[in-house]
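Reader: I have just opened this one and would like to go through it slowly with you. Could you take my questions as they come?
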Amino acid sequence: MADATTLISPDRASTDLRRAALGALLALVGYTLLPTFRAVVEAIIGSNTSVYPSPSEVPQNEWWGISGGVIFFLIGIGVLLLVLNLPTSPLGRALGVIGGAGFLLSGAGARAMYSLASANLTHTGADSGAQTAALWAVNIANGGPLILAGCSFAGWLILYGLSRTGLSTIGTGVGITVAIAGTLIALAEMSAAFFPAQFLYVPIFMLLTIVLYRRAGRMGQTATDGS
């Protein structure tokens, strides 16, 4: 049986694969920035920001909320570009879209953590402990969309990596690697160990970027040879 990329024109298939590769690249950039951006900025400005800021510290740490929102937005858009341009099962696509949306919601939560509303907790009349607890309730609530995003996208990795279309598009070795990584990410997410799982995304997105761009190039050459 022909794979899904042969059911449409080679030119269209090449375009879809390039868009998917671009999505993987955007997500790769986002996940590379996620653990490094804060350290780089702190090294440049020569000071350390509080790991657990109080509402009174929010204004001077607002850059962290903005950057977190931008980084998660980059990841979410990248994931959506990736999953929407690769043919898979309805369940796989749904999991991928949920994953992308979850990352976007996480970006909104990161921005809310350092927003004007958070800073204005100092004017509520509550003591400093209650203010900080209210602020960090936002961060705790933000963990839900992030875990949902990780588990859902891990499901997409497993389903796409083991699907006939995925195996024929990215190759058996890469497909199995992607599926294994998805399984490990899902297990880590469900055990609340998000940060160890996070580092698996970097090599996986890098691998998908390279493989999809190469596959797109071959499909583009096929379209040129057939014209």
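Reader: Is Arg12 buried or exposed, or something in between?
Author: Arg12 counts as partly exposed, because its relative accessibility is 48%, and that class lies between buried, under 20% relative accessible area, and exposed, over 50%, with a 1.4 Å probe and protein chains only. This is a predicted model, in which local features need pLDDT of at least 70 and side-chain atom pairs count only at pLDDT 80 or more, while totals for chains, interfaces and linings use all residues. Residues are numbered from 1 along each chain as its sequence is written, and side-chain values use heavy atoms, with hydrogens and water left out.

Reader: And what does the side chain of Arg12 meet?
Author: It meets the side chain of Asp16 in a salt bridge, at 3.3 Å from N to O; the term asks for a side-chain nitrogen of Lys or Arg within 4 Å of a carboxyl oxygen of Asp or Glu. Asp16 is buried, since its relative accessible area is 12%.

Reader: Where do Arg12 and Asp16 lie?
Author: Both are in helix α1, residues 10–45, and they sit 4 residues apart, which is about one turn of the helix. Helices here are DSSP runs of H or I with at least four residues, strands are runs of E with at least two, and both are numbered from the N terminus.

Reader: How many helices and strands are there in the protein?
Author: The protein has 8 helices and 0 strands, and 44% of its 227 residues count as buried.

Reader: Changing topic, how do α2 and α5 cross?
Author: The axes of helix α2 (residues 62–84) and helix α5 (residues 128–162) come within 12 Å and cross at roughly 25°, where axes are lines fitted to C-alpha atoms, for helices over the stretch in contact, and angles run from 0 to 180 degrees between N-to-C directions. That makes α2 roughly parallel to α5, as angles under 35 degrees count as roughly parallel, over 145 as roughly antiparallel, 65 to 115 as roughly perpendicular and the rest as oblique.

Reader: Which residues meet there?
Author: From α2, Phe72, Val79, Leu82 and Val83 meet Leu146, Phe153 and Trp156 of α5, contact being heavy atoms within 4.5 Å.

Reader: What about α2 and α3, at what angle do they pack?
Author: Helix α3 (residues 90–113) packs with α2 at an angle of about 170°, and their axes are 7 Å apart. The two are therefore roughly antiparallel to each other.
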